[in-house]
Amino acid sequence: MGQGLERQQQLEERYLMHTYGRKPVQFVSGQGMKLVDDDGKEYLDFLSGIGVLSLGHNYPAVRKAVVEQAEKLLHVSNYFYVEHRGQLAAALSGLLESNEPDALGYTDESWRTFFGNSGAEANECAIKLARHWGHTHRHDATGIVTAQRSFHGRTLATLFATGQEWKQDPFLPPVSGFYHVPLNDADALEQLLCGPEGDGIVAVMLECIQGEAGVWPCSDEFLQAARRLTLEHGMLLIIDEVQTGMYRTGKPFAFQTYGIVPDVVTVAKGMGDGAPIGGCCARGELGLELQPGEHGSTFGGSPLVCAAAEATLAGFAAEDIGANVREVGPYLRERLESLAHVVDVRGRGLMVGFDLDGPYATRVVDRGLEDGVVLNATGEHTIRLLPPLICSKADVDVLIDTIAPIIEEEA
Ligand SMILES: *Cc1c(COP(=O)(O)O)cnc(C)c1O
């Protein structure tokens, strides 16, 4: 361990809030799939900052965009126009557009985005938008249904949207108006929306694949039922694509692998290849619901992060990133399925979770780190993989060769 790490540990112990249990490594640089610590030791990154470094570390075109923008202008207030923001929003709309029919009768096929700085802020905007629309279009209904075990963020509203009571308990009283149904239980959803409480509900908000809870995909039937029911009842469908979006599952957005089109889509993690940016995208006229002064963010949509995100989206096209995800994702799952002691492999594309046959996931993650692979345990049985989308089959082979003997020993 380098001196640098010990110094950081002392400083953080004394001067930071202890909201994270960190692993004893200090990373100082990265390139592609690789991270380097302060001792010069290299690691293969199968977490990519929790699905953030979608094009890998230090992607040349993103770095160039950031450096060029930093030399020109970092920030002005949202009272003014800046370069890159409009182009980025147009590119997002292009990834979202579809010709699917819908009951809300949008006449405008473009999507409009509000830019914030994180996934939670993107979801806050979606929640405010839904409540606003409930007042203007659905007799003041403001309730929002989400799934049990979902994760939508750590701000107060998104925490109570999140379907995990143990995360909420220390922060009671609740933000009211959230309902939770079991994931993939279409009957429970239908009963809630058709029951006495349905009248006060304005939207259903779902992740196509629950990431934080250990990679649990919606079934096709459940997500399609959520779309059908919200259309029938004149409610909004909000899809939280903060983790699943930006080609993570092989298409620009995971909902596109389910054959549905939502009304609101939130994005963040993989959108800026490391630049902190999030967006709430609303379809057609819904994108004009919030009026000047009703929502905002000092930093949101700054030219610096918009330049990074614009270069990231261009990079997805230049690298044909979706094709790589669709090829390497199944290979990764296949290799994991062939391992002894791996009992369940879940996910789509390069968003993969797998369960071990005992409560030793943290041991595997810690020993993996010692042996040069970065992984994440979402529970004592479950490991989550979110590598950069440039991950190759050779990278997968290194991962498997590294963790197979560790799993064998720890089982
Ligand atoms: C990470 C995540 C969030 C929260 O994003 P932050 O940038 O940490 O605020 C919200 N929803 C989902 C599905 C996520 O994975």
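Let's start at the ligand. Around the ligand sit Ser 118, Gly 119, Ala 120, Asn 123, Phe 151, His 152, Gly 153, Glu 207, Asp 240, Val 242, Gln 243 and Lys 269. A residue counts as near if one of its heavy atoms lies within 4 Å.

This is a predicted model: local features need pLDDT of at least 70, side-chain atom pairs count only at pLDDT 80 or more, and totals for chains, interfaces and linings use all residues. Numbering runs from 1 along each chain as its sequence is written, and side-chain values use heavy atoms, with hydrogens and water left out.

Back to the shell. Its classes are three nonpolar, six polar and three charged residues. Here Ala, Val, Leu, Ile, Met, Phe, Trp, Tyr, Cys and Pro are nonpolar, Asp, Glu, Lys and Arg are charged, and the others, Gly among them, are polar. Helix 5, residues 119-137, gives the most to the shell: three residues. Helices (H or I, at least four residues) and strands (E, at least two) are DSSP runs, numbered from the N terminus.

Now the polar contacts, meaning pairs of N or O atoms within 3.5 Å. A ligand oxygen lies 2.8 Å from a polar backbone atom of Ala 120. A ligand nitrogen lies 3.3 Å from a polar backbone atom of Phe 151. Lys 269 uses its side chain: an N or O atom there is 2.6 Å from a ligand oxygen. How much of the ligand does the protein bury? Taken alone, the ligand exposes 380 Å², and the protein buries 80% of that. Those areas are Shrake-Rupley values with a 1.4 Å probe.

Four strands make an open sheet, order 1-2-3-15, with mixed pairing. Strands pair if DSSP finds at least two bridges between them. Strand 1 (27-31) and strand 15 (373-374) are the edges, each pairing on one side only. Strand 1 runs antiparallel to strand 2, residues 34-37, over four bridges. In that pairing, Phe 27 stands opposite Asp 37.

Two backbone points. Most residues other than glycine have a negative phi, and most peptide bonds are trans. Ile 50 is not a glycine, yet has a positive phi of about 60°. Ile 50 sits in helix 2, residues 48-51. The peptide bond from Leu 172 to Pro 173 is cis, with omega near 10°. Where is Pro 173 found? In the loop between helix 7 (165-168) and strand 6 (178-181).

Definitions and conventions
A polar contact is a pair of N or O atoms within 3.5 Å; within protein, one must be able to donate a hydrogen and the other to accept it, and residues adjacent in sequence count only if both atoms are side-chain atoms.
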